[in-house]
Amino acid sequence: MDRGRALSDRFARIRAQSLALAEGLSAEDCQLQSMPDASPVKWHLAHSTWFFETFVLSAVDAAYQPVDSAYRELFNSYYVGIGARAPRAERGLMSRPSLDQVIAYRNTVDARLLAALTEGRLDAEMLDRIELGLHHEQQHQELILTDLKHHLSRNPLHPVYRNEAVVATEVPLQWIGFAADVHAIGHAGDDFAFDNERPRHRVFAEAFALVSRLVSNAEYQAFIDDGGYARPELWLSDGWDAVQAGGWQAPLYWFDDGSYYTLAGRQPRAAVAPVCHVSYYEADAYARWAEARLPTEAEWEIAAQAADRAAFAQMTGERWQWTHSAYLPYPGFQPATGAVGEYNGKFMINQMVLRGGSCATPQGHLRTSYRNFFPPATRWQFSGIRLARSV
């Protein structure tokens, strides 16, 4: 099967998955924006389409006629090189175009792009652009879930999105040590990875130990019961300010009666489940309380690619795991040229790295080199805690 045909099949499947995430939601559900950082479902569906129209279809044909010229501004996220952008905090005010019109937009762009693929009108650069666009869409599929959870959590009815029970089982805890050594981290091979995962390079890590599983709800509750949110000595200065300003007393979505809000509605909190929806500040404070620290992203990746990785549980696909590493370029990093190069590189400031993927992350993104990044006060992502120690 040639690359164009393979991409056609994947394109259709991934695009359909985005619409499947919106099944059962009303137009009103898809319009919600509960905070500036969380976008409406409708906007995600439109923006991921905008990406293909802007960076593939428009780039291939100088005479290309867009589905609607107004969409170039409405659904641009942060690509300054493309032009004007609607304010991020006001995406929920876009009652027009309607959800039906956004879906029609998707269908039209899909048909045009699939035609270009099947007719062989796209060169290797544009096929790479489509590959990037598909992974970009999968990132927005994850954001649909994280953002929608925040939107729905603001409703006192605590609505159910998907009534899917998650069974949590207790996982043994042990510390696993690594000797001081030089290691290679970063993406290896020619298969897809985002630009910020490359180039692969060497790092020296002093001896360290990483805990075999994530911090549980019960363990985090012990931190709360010990006055964790009222003890400034446990917190970074900015973190203490965030606690005071936000009135934080527990992870996001927790209630005092031992329940929490989930995509299946309000549920009893599972004691053995990994704690979720904590900021970097909370993760760092907990680690200090537990007489440990957060791992660096290099330490996390060294453990994740170790020969005895089976000793580690919940490494990927459970919770994003905060690391102690600032989000910075790897040695030799070069962003792509043009506006598409704004994808990752320009955010390499004031962010912390998370590793491992979460229960909302598409399976194809659960690779050990994947680098997620958010500001340290971020709580609405499916983020948890894995502890480390220097030895």
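Biologist: Start with the open sheet of 3 strands: what is the strand order, and how do the strands pair?
Modeller: The order is S1-S4-S11, and the pairing is antiparallel. Bear in mind that this is a predicted model.

Biologist: Which ones are the edge strands?
Modeller: Strand S1 (175-178) and strand S11 (388-390), each of which pairs on one side only.

Biologist: By how much are neighbouring strands of this sheet turned against each other?
Modeller: By 25° on average, with direction ignored.

Biologist: How many bridges join S4 to S11?
Modeller: Strand S4, residues 208-211, is joined to S11 by 3 bridges, and the two run antiparallel. Within that pairing, Leu-210 has Ala-388 of S11 as its bridge partner.

Biologist: Which helix lies across S1, S4 and S11?
Modeller: Helix H9, made of residues 297-304. Its direction is at about 70° to S4.

Biologist: Change of topic. Where is Ser-8?
Modeller: Ser-8 sits in helix H1, which covers residues 3-21.

Biologist: Buried or exposed?
Modeller: Ser-8 counts as buried, because its relative accessibility is 9% and the cut-off for buried is under 20%.

Biologist: And which residues does Ser-8 touch?
Modeller: Leaving out residues up to four places away in sequence, Ser-8 touches Leu-114, Leu-117 and Thr-118.

Biologist: What about Glu-23, where is that found?
Modeller: Glu-23 is in the loop between H1 and helix H2 (41-60). Glu-23 counts as exposed because its relative accessibility is 52%, and exposed means over 50%.

Biologist: What separates the C-alpha atoms of Glu-23 and Ala-311?
Modeller: A distance of 38 Å, with the two residues 288 residues apart along the chain.

Biologist: Now the whole protein chain. How many helices and strands?
Modeller: The protein chain has 9 helices and 11 strands. Its radius of gyration is 22 Å, close to the 21 Å that the globule rule gives for 391 residues, so the chain is as compact as a globular protein of that length.

Biologist: What box do the C-alpha atoms fill?
Modeller: Roughly 65 × 50 × 35 Å, taken along the principal axes.

Biologist: How many of the 391 residues count as buried?
Modeller: In percentage terms, 53% of them.

Biologist: Which share of the contacts comes from residues 24 or more positions apart?
Modeller: Such residues account for 78% of the contacts with a separation of 6 or more.

Key
Residues numbered from 1 in each chain as written. Predicted model: local features only at pLDDT ≥ 70, side-chain atom pairs only at ≥ 80, totals over all residues. Heavy atoms only, no water. Pairing = 2+ DSSP bridges. Helix = DSSP H or I, 4+ residues; strand = E, 2+ residues; numbered from the N terminus. Axes fitted to C-alpha atoms, helices over the stretch in contact; angles between N-to-C directions. Contact = heavy atoms within 4.5 Å. Buried < 20%, exposed > 50% of the residue type's maximum accessible area, 1.4 Å probe, protein only. Rg over C-alpha atoms; globule rule 2.2 N^0.38 Å.
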